[in-house]
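Open the model in a viewer and keep the selection panel at hand.

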Amino acid sequence: MGEYDEVVLKCFLENQSRLFDEKVAESLEEAESFLEDCMAVVCKNLREVKEYLDESGADISGMSNEDIEEAAEVFALPDGRYLVVEA
């Protein structure tokens, strides 16, 4: 698979309802295609998530690390990385 490995794709499939009312993907292939289409980003750590959100114009000033981790578009991956999906 491309830049989204199986850990990323499975996490998105299992948790997509946090961000969307209806499923946008039913399989790993559909998840990968969707994430590519919306240019989702995988970050190594929370610092990278903050940098990405700040550079993309999101107002994260005053947000704690917990606030950022709980944002609907931020998915904590089981291996410590984060997936950021801007819908």
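Select V85 and show what surrounds it. Leaving out neighbours within four places in sequence, V85 is in contact (heavy atoms within 4.5 Å) with F12, L19, F34, L35, C38, A40, E73 and F75. This is a predicted model, in which local features need pLDDT of at least 70 and side-chain atom pairs count only at pLDDT 80 or more, while totals for chains, interfaces and linings use all residues. Residues are numbered from 1 along each chain as its sequence is written, and side-chain values use heavy atoms, with hydrogens and water left out.

Next, select F12, F34, L35, A40, L83 and V85 together. They have the most contacts inside the largest nonpolar core, which has 17 residues. A nonpolar core here is a set of buried Ala, Val, Leu, Ile, Met, Phe, Trp, Tyr and Cys residues joined through side-chain atoms within 4.5 Å. Buried means under 20% relative accessible area, exposed over 50%, and partly exposed in between, with a 1.4 Å probe and protein chains only. Colour α1 and α2 (28-37): each supplies at least two residues of this core. The largest share, 5 residues, comes from α1. Helices (H or I, at least four residues) and strands (E, at least two) are DSSP runs, numbered from the N terminus.

Then move to C43, L53, A71 and Y82. These belong to a second, separate core of 10 residues.

Now turn to the charged side chains. A salt bridge is counted when a side-chain nitrogen of Lys or Arg lies within 4 Å of a carboxyl oxygen of Asp or Glu. How many salt bridges does a search of the whole structure find? There are 4.

Select R81 and D5, whose side chains meet in a salt bridge at 2.9 Å, N to O. This pair links distant parts of the chain: R81 is in the loop between β2 (74-76) and β3 (82-84), and D5 is in the segment before α1 (6-15), 76 residues apart. Is R81 buried or exposed? R81 is buried, because its relative accessible area is 18%. D5, at 31% relative accessibility, counts as partly exposed.

Shared partners join D5, D79 and R81 into one network. D79 is partly exposed, with 44% relative accessibility.

E51 has a relative accessible area of 36% and is partly exposed.

The protein chain has 4 helices and 3 strands, in the order α-α-β-α-α-β-β along the sequence. Its C-alpha trace spans about 35 × 25 × 20 Å along the principal axes. Of the 87 residues, 34% count as buried. Among contacts in the protein chain with a separation of 6 or more, 58% are between residues 24 or more positions apart.
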